[in-house]
Amino acid sequence: MELVLSTLVNSLSLGGIYAMIALGYTMVYGIAKMLNFAHGDIIMVGAYAIYVFMALNNPILAILLSVLFCLLLGITIERVAYRPLRGASPLAVLITAIGVSYLLQSLAQIVFGSASKMVTVYEFGAIKIFGVTLQVSTLVTMAVAIVVMIALTLFVKLTRTGRAMIAVSEDRGAAQLMGINVNRIITITFAIGSSLAALAGLFYLLKAPSVSSTLGAMPGIKAFTAAVIGGIGSIPGAMLGGLLLGFVECVATKITAIAPYTDAIEFSILIIILLVRPTGFLGKKRREKV
Amino acid sequence: MALLEVKNLEVYYGVIRALKGISFEVNEGEIVTLIGANGAGKTTTMQSVVGLIPKRSGIVTFDGKDITHTPCHKIVHLGMTQVPEGRRIFQELTVYENLLMGAYSIKDSSGFKNDLEAVYTRFPRLAERKNQIAGTLSGGEQQMLAMGHAIMSHPKLLMLDEPSMGLSPLLVDQVFEIIKDINKDGTTILLVEQNAGKSLAISDRAYVLENGNIVLSGTGAELSASEMVREAYLGG
């Protein structure tokens with residue numbers, strides 16, 4: 001019982017973080033048709049932003065400012081680095097994204113140095129539920145992740161902008177013919193993705209209160225894996241992939257014999273799923289237009 | 001004054017000159033058809049006029065405004081709607097959601113219900129299938145949906161690119177009936193068709209496009225009677 005409850009909470013929390021990052025990858029892929037490999041580094045920028053804004057001594061304000069900063073950064077990156085390449089070969093866009101990733105990491109090193117910085121956002125402590133000791137920060141992470149996922153699903157389904165996002169991801173030309181401003185939709189997509197990455201940065205700080213320039217690298221790759229497992233381009237797919245990966249990771253780290261191989265297990269799952277279902281769980285087969 | 005006026009429109013694909021400076025106009029209330037063989041430049045004309053592909057030179061005026069350099073989504077808001085070749089409805093959305101997207105350019109949603117009812121009345125099949133995923137509709141139903149979601153935006157000018165393509169003869173007749181009907185209700189129509197016979201029959205005027213040039217123009221009846229059109233497009 002104890003084990004079940006703690007594994008459930010931990011995997012929903014970790015999986016929730018992965019899902020939030022994976023949503024950024026998958027939405028940008030679906031709508032802008034590019035892999036934004038700098039996405040993981042926004043997590044790191046978000047964590048550093050909290051570190052800086054904590055000087056104001058107000059955790060809530062620091063978090064809000066961090067989200068706002070990452071949102072503006074995401075929009076700026078798209079404007080400056082990606083938009084001029086619209087229509088260029090996918091390889092050029094991919095290399096640019098990798099370049100932006102290194103740029104962000106290097107800038108962070110120049111500004112903050114290579115040693116990690118300690119950031120304590122808030123001490124939540126622990127509580128006992130049904131005799132199981134749980135970190136409150138884990139519960140908060142889980143709750144926020146679930147709310148974010150539900151809110152995003154409703155936003156995409158029910159709002160005019162959300163439907164425009166689906167339309168652009170399905171057929172950019174036809175979407176334009178409906179009067180949809182594709183550039184505006186792409187900007188909104190980057191804003192949402194980057195805000196979610198900033199929140200992920202916050203949750204990493206709640207798990208372990210230190211930030212360095214490579215904080216976003218591994219979560220970025222894991223979340224990208226989650227997005228591909230779920231079917232890249234699919235919003236529910238990213239959520240499913242994130243939660244699945246979080247669950248696998250929590251279970252694997254609990255079993256002493258296989259704990260050291262956790263990462264290997266996760267990436268093996270990716271390979272196996274791609275062999276069986278090349279489009280991921282909820283990905284759709286792309287029909288080529290003639 | 002013409003609703004749509006195209007002057008010396010030139011379009012290039014790389015080094016290939018796809019449109020070699022064509023001029024034509026569509027007056028309010030008309031049905032105008034561009035006919036021509038595959039590769040003549042019909043779809044290129046449609047897509048460049050609406051701003052989906054860039055124009056090299058020329059001037060396009062719509063409803064008195066110069067729209068030569070206006071981006072596509074803004075042109076749509078001015079009242080020009082296009083049903084592209086191959087229909088391109090949103091396959092993963094339901095019929096209803098597709099119609100909702102059709103009304104995207106209309107910010108005031110108060111008329112939406114009436115417009116929706118009007119479309120359902122015109123296309124009863126769509127009403128029966130409103131909650132069905134659009135990708136599962138038959139070709140004919142998809143064409144009805146494409147035309148339905150185009151009229152949701154109340155266009156001044158409705159542009160239809162090969163609406164009869166891939167449809168059974170019975171459905172082709174139905175599509176042309178509907179086009180005539182939409183026109184009667186006050187919508188100006190620019191049509192691109194390979195089915196020259198049927199489209200000339202409903203057209204006020206028509207242009208013949210060949211290798212990126214307009215080689216002939218006249219009323220629908222004139223062109224139907226023309227020796228050249230009969231030989232090249234009406235099977236002699």
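This note goes through the two chains of a predicted model, point by point.

1. Basis of the note. Because this is a predicted model, local features need pLDDT of at least 70 and side-chain atom pairs count only at pLDDT 80 or more, while totals for chains, interfaces and linings use all residues. Residues are numbered from 1 along each chain as its sequence is written, and chains are lettered from A, with ligands numbered from 1, in the order in which they are written.

2. Chain A as a whole. Chain A has eleven helices and four strands, where helices (H or I, at least four residues) and strands (E, at least two) are DSSP runs numbered from the N terminus. Its radius of gyration is 19 Å, close to the 19 Å that the globule rule gives for 290 residues, so chain A is as compact as a globular protein of that length; the radius is taken over C-alpha atoms, and the rule is 2.2 Å times the number of residues to the power 0.38. The C-alpha atoms of chain A fill a box of roughly 60 × 45 × 35 Å along the principal axes.

3. Burial and contacts in chain A. Of the 290 residues in chain A, 48% are buried; a residue is buried if 20 or more other C-beta atoms lie within 10 Å of its own, exposed if 12 or fewer, and partly exposed in between, with C-beta atoms placed from the backbone. Among contacts in chain A between residues at least 6 apart in sequence, 75% join residues at least 24 apart, a contact being a pair of residues whose C-beta atoms, placed from the backbone, lie within 7 Å.

4. Chain B as a whole. Chain B contains ten helices and ten strands. With a radius of gyration of 17 Å, close to the 18 Å that the globule rule gives for 236 residues, chain B is as compact as a globular protein of that length. Its C-alpha trace spans about 45 × 40 × 35 Å along the principal axes, and 45% of its 236 residues count as buried. Of the contacts in chain B with a separation of 6 or more, 64% come from residues 24 or more positions apart.

5. Two domains in chain B. The domain assignment, which is automatic or from a database, gives domain 1 (2-79 + 155-233) and domain 2 (89-154) of chain B. The C-alpha centres of these domains of chain B lie 23 Å apart, and eleven residues of domain 1 are in contact with nine residues of domain 2. On the side of domain 1 of chain B that touches domain 2, α7(B) gives the most, with four residues. The residues of that side divide into nine nonpolar, two polar and no charged, where Ala, Val, Leu, Ile, Met, Phe, Trp, Tyr, Cys and Pro count as nonpolar, Asp, Glu, Lys and Arg as charged, and the others, Gly among them, as polar.

6. A covered helix. Helix α6 (residues 139-151) of chain B has 13 residues that, at 1.5 Å a residue, should span 18 Å, and its end C-alpha atoms are 19 Å apart, which agrees; the expected span is 1.5 Å times one less than the number of residues. Eleven of the 13 residues of α6(B) are buried, among them Met144(B), Leu145(B) and His149(B). The elements that cover the buried residues of α6(B) include α3 (95-102), α4 (112-122) and β7 (157-161) of chain B.

7. An enclosed strand. All five residues of β3(B) are buried, so this strand is largely enclosed by the rest of the structure. In a regular strand the side chains alternate between the two faces of the sheet. In β3(B), Ile31(B), Thr33(B) and Ile35(B) are buried on one side, and Val32(B) and Leu34(B) on the other.

8. Neighbours of that strand. Two strands pair if DSSP finds at least two bridges between them. Strand β3(B) pairs in the parallel sense with β8 (residues 188-193) of chain B over five bridges, where Leu34(B) has Val192(B) as its bridge partner. Strand β3 (residues 31-35) of chain B also pairs in the parallel sense with β9(B), over four bridges, and there Ile35(B) has Val208(B) as its bridge partner.

9. The hairpin. Strand β9(B) pairs in the antiparallel sense with β10 (residues 213-219) of chain B over six bridges, and Leu209(B) has Ile214(B) as its bridge partner. Two residues lie between the strands of this hairpin, in which Asn211(B) takes a positive phi near 45°.

10. Where the chains meet. The contact takes 20 residues from chain B and 15 residues from chain A. On the side of chain B that touches chain A, α2 (72-77) and α3 of chain B each supply at least two residues, and the residues of that side divide into ten nonpolar, seven polar and three charged.

Methods:
Two residues are in contact if their C-beta atoms, placed from the backbone, lie within 7 Å.
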